[in-house]
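Thank you all for coming. Today I would like to walk through one model slowly, starting with its charged pairs and ending with its sheet.

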Amino acid sequence: LHSFIPSSAPTVPRKQSDFSFMQVAMEDSIDVILEGHTGVLSPHRPHPAVSACLGALFTAVYGVWSTFALPGLGTIPRKLKVPYLPSSRVQTLNIMKLLEGRTGRLVDLGSGDGRVVFAASSTGFQCTGFEINSILVAYARNKARWNGLPTSQAAFVNKDFWKTDLSHFNNVTAFLAPGVMAVLSEKLLKELPDDARVISCRFPILDWPVQSSVGSGLDQTFAYDIGIVRAHLRKAPEAEV
């Protein structure tokens with residue numbers, strides 16, 4: 001864990017096609033699912049017929065995955081849609097490192113299967129996960145119930161967080177997409193208190209000074225303190241004069 005403003009932070013284009021990002025998202029989802037099962041796939045080249053069957057299978061799976069991973073097609077503006085992409089074990093650990101020493105209420109924006117909420121609630125945070133996918137919400141709620149977690153400790157809300165006031169949270173975690181980070185930054189600056197910390201997986205918030213960063217490459221995770229961000233943005237116009 002180190003505090004700095006990384007000059008080597010990954011360069012992320014402000015706009016990225018839905019198709020290309022969904023391809024990356026699906027590949028990452030498969031990587032997460034196979035995480036810890038490195039011996040599943042054979043190193044030998046398969047027979048051409050097997051390759052053809054696997055290609056057809058993955059094409060079908062991709063179609064189903066696209067429908068499953070992008071709920072709310074008629075309710076969420078196109079520019080704010082983000083496919084379901086679960087955080088990896090390393091990313092979740094990085095989030096927890098950036099939350100060390102903090103307490104209070106935490107919200108996970110796009111909580112998916114609830115893995116970040118479960119990790120944070122185990123360390124004492126009062127967590128809420130917003131997720132538009134009702135299937136994932138049902139899964140997370142059942143898992144919380146099975147583990148005996150009360151809703152005061154781990155709650156999952158089937159609601160669009162873009163339409164929700166986040167002012168009563170002082171910890172925010174998000175693993176979204178590069179195309180929505182600018183809109184997200186405006187919302188968070190408008191609603192969060194000065195003592196709030198925002199943690200973003202993989203995609204940095206452009207124009208915000210990074211308070212701390214953990215990891216590298218696709219697992220790099222960034223932390224921003226809202227009070228420092230506001231002070232920085234107030235000084236920025238003065239420096240340009």
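Let me begin with a definition: a salt bridge here is a side-chain nitrogen of Lys or Arg within 4 Å of a carboxyl oxygen of Asp or Glu. Please keep in mind that this is a predicted model, in which local features need pLDDT of at least 70 and side-chain atom pairs count only at pLDDT 80 or more, while totals for chains, interfaces and linings use all residues. Residues are numbered from 1 along each chain as its sequence is written, and side-chain values use heavy atoms, with hydrogens and water left out.

By this rule there are four salt bridges, and I will go through some of them. E191 pairs with K187, with the closest N and O atoms 3.0 Å apart, and both residues lie in helix α6, residues 181–191, four residues apart, or about one turn of the helix. Helices (H or I, at least four residues) and strands (E, at least two) are DSSP runs, numbered from the N terminus. Both E191 and K187 are buried, where buried means under 20% relative accessible area, exposed over 50%, and partly exposed in between, with a 1.4 Å probe and protein chains only.

Another salt bridge joins D194 to R230, the closest N and O atoms being 2.5 Å apart. D194 lies in the loop between α6 and β5 (197–201) and R230 in helix α7 (residues 226–240), so this pair ties together parts that are 36 residues apart in sequence. R230 is buried, with a relative accessible area of 18%.

In the salt bridge between D113 and R115, at 2.6 Å from N to O, D113 is buried at 14% relative accessible area, whereas R115 is partly exposed at 27%.

What is S111 in contact with, leaving aside its neighbours within four places in sequence? Taking contact as heavy atoms within 4.5 Å, the residues are V117, G129, F130, E131 and F156. S111 is in the loop between β1 (105–109) and α4 (115–121), and S111 is buried, with a relative accessible area of 5%.

Turning to the sheet, two strands pair if DSSP finds at least two bridges between them. The open sheet has seven strands in the order β3-β2-β1-β4-β5-β7-β6, with mixed pairing. β3 (154–157) and β6 (212–214) stand at the edges with a single partner strand each, so one side of each is left without a neighbour in the sheet. β6 pairs with β7 (residues 221–225) in the antiparallel sense over three bridges, and S212 stands opposite A223 in β7.
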